[in-house]
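Visitor: I would like to go through the terms used for this model and see what each one rests on. Please set the values against the definitions.

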Protein chains: 2
Amino acid sequence: MTSTDAQPLRPTRQRKAVAAALEGCNEFRTAQQVHEALRGGGDTVGLSTVYRTLQAMADAGEIDMLRSDAGEASYRRCSDTHHHHLVCRSCGATVEVEGPTVEKWTRAVAEQHGYSEVSHTLEIFGTCSNC
Amino acid sequence: MTSTDAQPLRPTRQRKAVAAALEGCNEFRTAQQVHEALRGGGDTVGLSTVYRTLQAMADAGEIDMLRSDAGEASYRRCSDTHHHHLVCRSCGATVEVEGPTVEKWTRAVAEQHGYSEVSHTLEIFGTCSNC
DNA sequence: TGTCGGTTTGACACTGGTTCTCACCAGAAT
DNA sequence: ATTCTGGTGAGAACCAGTGTCAAACCGACA
């Protein structure tokens, strides 16, 4: 029910546009920003569609989602492997980082307290050298 | 400007009530839940006041705030020292954990990429032994 | 190539958490 | 007691995100 219903996800004009907007972009962008960028670029894509598409892409693991301090979701094109983000607080420039030690540590701590099915979120914020 | 304007934060009936609602409670609670709990307990405190108070307490470092997957803020009475949370996905039971290794690692990674003024967020989710 | 059924789209209404507003209240200072 | 100042709260406003539903679209198949 939740596994083998992977519909091919038709590559419509809108979906391509959203994907393109995220391609070649190093920062996290909110749905609204993507929407505006598309509109600015001449593509007309409905806001609902942008939301839907970003969500679908995030579900499919094609992009990563994180929540800003204010609780808004933002998205970014990312590599397939599990990783975390080092985000510049002022310009948003993002570096993907891996931390095998952290992965191990979280699992160990969780199991030690009797927690199973462990997952975690980890984001690092700082000010990048350009800012 | 940002340092010595620490107003004493008058201990009004409402503030005491909010603090009490969070005391002796091991889970994270949203503002609305706190509001309802107070109302149920006979205390009448306005929703705005609950929001304001929780925010003020979080700013003052008296409580911790985290955002649910859906983007809602929830709060919890916490110890003063820097720590992270191991939260049960289904019942919300929370354990505070420390990870000196992780702290070191995040700082090292950030500096290695030229990022300064480093901070980070780390939460671990799992299913606790009771669930 | 024309038709057909399911998929996708998008304008718009709606939701629900959070913040704002502003008249009123309460305790401290004078 | 009066004044002064911050705190309160009911309700309105705000806004990211979701639901709705008729129309547009797509790919397949005849």
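Visitor: What is the bridge partner of A:Cys88 in E6(A)?

Guide: A:Gly126 is the bridge partner of A:Cys88. The model is predicted, with local features needing pLDDT of at least 70, side-chain atom pairs counting only at pLDDT 80 or more, and totals for chains, interfaces and linings using all residues. Residues are numbered from 1 along each chain as its sequence is written, chains are lettered from A and ligands numbered from 1 in the order in which they are written, and side-chain values use heavy atoms, with hydrogens and water left out.

Visitor: What makes strand E4 of chain A and strand E6 of chain A a pair?

Guide: Two strands pair if DSSP finds at least two bridges between them. Strand E4 (residues 84-88) of chain A and strand E6 (residues 116-127) of chain A have 4 bridges, in the parallel sense. Strands are DSSP runs of E of at least two residues, helices runs of H or I of at least four, numbered from the N terminus.

Visitor: Which strands are the edge strands of the open sheet?

Guide: The sheet has 6 strands in the order E5(A)-E4(A)-E6(A)-E6(B)-E4(B)-E5(B), with mixed pairing. Its edge strands are E5 (94-97) of chain A and E5 (94-97) of chain B, as each pairs on one side only.

Visitor: Why is H2(A) called oblique to H3(A)?

Guide: Helix H2 (residues 31-40) of chain A and helix H3 (residues 47-59) of chain A pack at an angle of about 125°, with their axes 9 Å apart. That angle makes H2(A) oblique to H3(A). Angles under 35 degrees count as roughly parallel, over 145 as roughly antiparallel, 65 to 115 as roughly perpendicular and the rest as oblique. Angles run from 0 to 180 degrees between N-to-C directions, and axes are lines fitted to C-alpha atoms, for helices over the stretch in contact.

Visitor: What makes H1(A) roughly perpendicular to H3(A)?

Guide: Helix H1 (residues 13-22) of chain A and H3(A) pack at an angle of about 70°, with their axes 10 Å apart. This value makes H1(A) roughly perpendicular to H3(A).

Visitor: How are the two copies related?

Guide: Chain A can be laid on chain B with an RMSD of 0.2 Å by a turn of 179° and a shift of 0.0 Å along the axis. The copies are therefore related as by a two-fold rotation axis. The superposition is by least squares on the C-alpha atoms of residues with pLDDT of at least 70 in both.
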